[in-house]
Amino acid sequence: MPDKLIEGEVCWRSPSNIAFVKYWGKYGTQLPKNASLSMTLSESYTITSIDFKSQQKNPKREFYFNGEFNEAFSARIWKYIASLCGIFPFLEEMDLIIRSKNSFPHSAGIASSASAMSALALCLTDIERLVYGTLIKDDAFYKKASYIARLGSGSAARSVYGGYSIWGQAKSAHVKSENKFAIDFNSEIHPKFQQLQDAILIVDEGQKKVSSSVGHSLMNNHPYADDRLAQANKHMEELALALKEGNTAAFIKIVETEALSLHALMMSSDPWFILMKPQSLEIINKVQEFREKTGKFICFTLDAGPNVHLIYSKDDEVEINKFIEKELKQFCSKRHVIFDEIGEGPLKIK
Ligand code: DP6
């Protein structure tokens with residue numbers, strides 16, 4: 001730690017992301033069993049700030065979520081920060097006052113760990129940059145932030161980049177990616193995929209029924225684990241190509257198969273979980289019918305929960321909004337839909 005007293009504030013806004021090839025199953029220290037590919041969102045984000053002050057004997061630790069003390073979140077945050085002491089030893093002697101808030105209601109059932117952990121990781125990495133003058137090049141900064149975010153939550157590793165990103169070593173000649181951090185995957189994206197929309201249909205606003213960690217652990221000894229790995233590797237190869245060539249038919253097939261495979265894996269775990277609701281299936285059927293009738297580029301994906309993400313092109317926004325209004329909102333809790341879209345990634349707030 002430099003001799004002089006250092007104090008300051010860092011603040012980052014970081015978005016959530018939606019995976020098209022799903023991360024499901026991990027090993028070691030937060031390493032993924034398969035590579036995943038996601039699109040970073042724009043409107044669903046977390047803003048986190050840290051006030052820090054060095055050279056403190058009994059450093060202060062305060063965490064506020066939406067301006068209030070939150071015991072459950074607080075315990076997770078301090079445990080995570082303690083686990084980073086080997087990487088950021090200077091944190092041990094710093095007052096840290098962390099404030100965090102989400103752009104979406106906590107009850108919306110959106111997975112918030114990707115935005116929350118990436119925002120926090122960006123702040124911590126930024127403190128290193130300020131204190132030591134390291135990580136000056138953006139490449140090095142985001143790589144480290146992604147590494148740190150991954151240790152908090154796997155999917156958060158992908159949120160440090162805008163557009164598309166990949167986390168996990170892909171078994172593909174087209175993709176050179178890593179297990180320890182995500183990479184930006186925007187250099188070969190066809191214009192058809194550069195303005196995608198994501199309407200999140202909130203079927204259930206409740207908390208997650210199964211925590212991600214429990215979910216991932218069910219892939220250890222899963223009867224279909226080897227086949228899942230082979231499927232994810234194949235999907236990664238095919239999706240990278242579809243994104244490059246503008247092949248929407250291949251995109252739809254892979255994205256929907258990934259979503260349903262994720263749920264099929266949960267249904268065939270021991271113990272099993274059914275996380276979709278009847279309304280999720282109603283929406284999926286309606287989307288399939290609408291696509292067959294209109295020939296539009298639209299598809300669905302799911303996270304480990306009942307909410308349905310509708311992915312479509314900005315060009316069809318008006319028509320698809322009408323479809324959502326007339327035929328899909330009836331299946332949502334309080335007719336709640338969050339309209340999001342592909343985003344540019346995190347933003348440092350001055
Ligand atoms: C289904 O990133 O939430 O959303 O690493 O335990 O925090 P942890 O898991 P998490 O898992 C996300 C799983 C998923 C698929 C995905 O985002 O790739």
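**Helices α7 and α8**

I looked up the crossing of α7 and α8 in this predicted model and recorded it as right-handed; a crossing is right-handed if the near helix is turned clockwise from the far one by less than a right angle, and left-handed if anticlockwise. Helices here are DSSP runs of H or I with at least four residues, strands are runs of E with at least two, and both are numbered from the N terminus. I noted that α7 (residues 278–294) and α8 (residues 317–328) pack at about 135 degrees, with axes 12 Å apart. Axes are lines fitted to C-alpha atoms, for helices over the stretch in contact, and angles run from 0 to 180 degrees between N-to-C directions. The angle makes α7 oblique to α8; the term covers what is left after under 35 degrees (roughly parallel), over 145 (roughly antiparallel) and 65 to 115 (roughly perpendicular). For the contact (heavy atoms within 4.5 Å), I listed Ile 283, Lys 286, Val 287, Phe 290 and Thr 294 of α7 against Glu 319, Ile 320, Phe 323, Glu 327 and Leu 328 of α8. I sorted these residues into 6 nonpolar, 1 polar and 3 charged. The nonpolar class is Ala, Val, Leu, Ile, Met, Phe, Trp, Tyr, Cys and Pro, the charged class is Asp, Glu, Lys and Arg, and the others, Gly among them, are polar.

**Helices α2 and α3**

I found the axes of α2 (residues 113–132) and α3 (residues 138–152) within 8 Å, crossing at roughly 130 degrees. These helices are therefore oblique to each other, and their crossing is right-handed. Their contact includes Met 117 and Leu 122 of α2 and Phe 141 and Ile 148 of α3. By class I recorded 8 nonpolar, 3 polar and 5 charged residues.

**Ligand**

Of the 17 residues around the ligand, I noted Tyr 23, Lys 26, Ser 153, Gly 154 and Ser 155 as those that come nearest. For oxygen atoms of the ligand, I recorded a side-chain N or O atom of Tyr 23 at 2.7 Å, a polar side-chain atom of His 216 at 3.0 Å and one of Gln 30 at 3.4 Å.

**Backbone**

I found a cis peptide bond between Asp 270 and Pro 271, with omega about 0 degrees. Pro 271 lies in the loop between α6 (248–267) and α7. Asn 66, in the loop between β5 (61–65) and β6 (68–69), has a positive phi near 55 degrees. Most residues other than glycine have a negative phi, and most peptide bonds are trans.

**Conventions**

I kept to residue numbers that start from 1 along each chain as its sequence is written, and to heavy atoms for side-chain values, with hydrogens and water left out. In this predicted model, local features need pLDDT of at least 70 and side-chain atom pairs count only at pLDDT 80 or more, while totals for chains, interfaces and linings use all residues.

Key:
Near = heavy atom within 4 Å. Polar contact = N/O pair within 3.5 Å; in protein donor to acceptor, adjacent residues only side chain to side chain.
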